[in-house]
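Subject: Structure for your review

Dear colleague,

Please find the structure below, followed by an account of what was found in it. I would be grateful if you would read the two side by side.

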Amino acid sequence: MAHPHSYCFRPIKSAAHCNLLYPSSRQIPRRRIVLSSINKLNQDPNLQTKVGSLLDSIKWDDKGLAVAIAQNVDTGAVLMQGFANRDALLQTLSSRKATFWSRSRSTLWTKGETSMNFINICDVFLDCDRDSIIYLGKPDGPTCHTGSETCYYTSVCDVYKNEQMEGNKLALTSLYSLESTIYQRKDELPRSSNEKPSWTKRLLLDDKLLCSKIREEADELCRTLEENEEKGRTASEAADLVYHAMVLLANRGVKMEEVLQVLRLRFSQSGIEEKISRQSKGT
């Protein structure tokens, strides 16, 4: 008898079967399966019924497909877009790896099964019309086959400024655009020794100045609460603190994504558990 960890689990097409998933004798190379999730589905009839009802509620198109968008759980970046059918979504739910349906090859494929850059699923969302899907997850590495962090790196608006689109501009939210600018200033430091440095460069070059500004901005933020200042003032002081803190992070080579990941992991456990976890890592 084969060891259970050698099985490749495939979703079946009907929730009416006794199990939502069954083992296949054919292995798929490099595909990693989270057995605990599969076992939970297999052992819980109520969960099987709920998952079956959820799959039935989706408005699959005439080919049995729906748009599936992968999004970074920490940065919010849209990583890629593909298509999923019933089996692909069920396999995503069970394996916790973003799985799609290849229209060109007419087969299931898990993102990362060749590159090992899996997208590890934290949650799955359906839109209000139930005809599109979001895979919310943490990528193991670059998502795009070009090596880019996401498949969305060409700004259409650049056509209004340049004759050709740049083709290397990531679709970033405000926070990550700021981080990108700070890192750009950091990269420019060796080449700008004879120039008058910008404020960001001054902070990057002077640890004492940077730390004093962070303490100053933190104090000013607290005073907006203590002195009951208007909300706009609080937002302004918080923005100053976030900016200076991000400069310190860049100085240390720590990305905002790492900070948000720590916060996400802390949300998933109690304060006592989180404190014990930190203490155990320090021993």
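Helices (H or I, at least four residues) and strands (E, at least two) are DSSP runs, numbered from the N terminus. This is a predicted model, in which local features need pLDDT of at least 70 and side-chain atom pairs count only at pLDDT 80 or more, while totals for chains, interfaces and linings use all residues. Residues are numbered from 1 along each chain as its sequence is written, and side-chain values use heavy atoms, with hydrogens and water left out.

Helix α6 (residues 207-226) contains T224. This residue is buried, at 3% relative accessibility; buried means under 20% relative accessible area, exposed over 50%, and partly exposed in between (1.4 Å probe, protein chains only). Setting aside neighbours within four places in sequence, T224 is in contact (heavy atoms within 4.5 Å) with E229, R233, T234 and E237. The side chains of T224 and T234 are also joined by a polar contact of 3.2 Å. Such a contact is a pair of N or O atoms within 3.5 Å; within protein, one must be able to donate a hydrogen and the other to accept it, and residues adjacent in sequence count only if both atoms are side-chain atoms.

Next come the nonpolar cores. A nonpolar core is a set of buried Ala, Val, Leu, Ile, Met, Phe, Trp, Tyr and Cys residues joined through side-chain atoms within 4.5 Å. The largest has 20 residues, of which W60, L89, I119, I133 and Y135 touch the most other members. Helices α2 (45-57) and α3 (86-95) are among the elements that each supply at least two residues of this core. A second, separate core of 15 residues includes Y183, I214, L241 and M256.

Finally, the structure holds 11 salt bridges, each a side-chain nitrogen of Lys or Arg within 4 Å of a carboxyl oxygen of Asp or Glu. In one of them, R264 and D74 have their closest N and O atoms 2.7 Å apart. R264 lies in helix α8 (residues 256-267) and D74 in the loop between β3 and β4, so this pair ties together parts that are 190 residues apart in sequence. R264 is partly exposed, at 22%, whereas D74 is buried, at 9%. Both belong to a network of salt bridges that also links K138 and E257.

Yours sincerely
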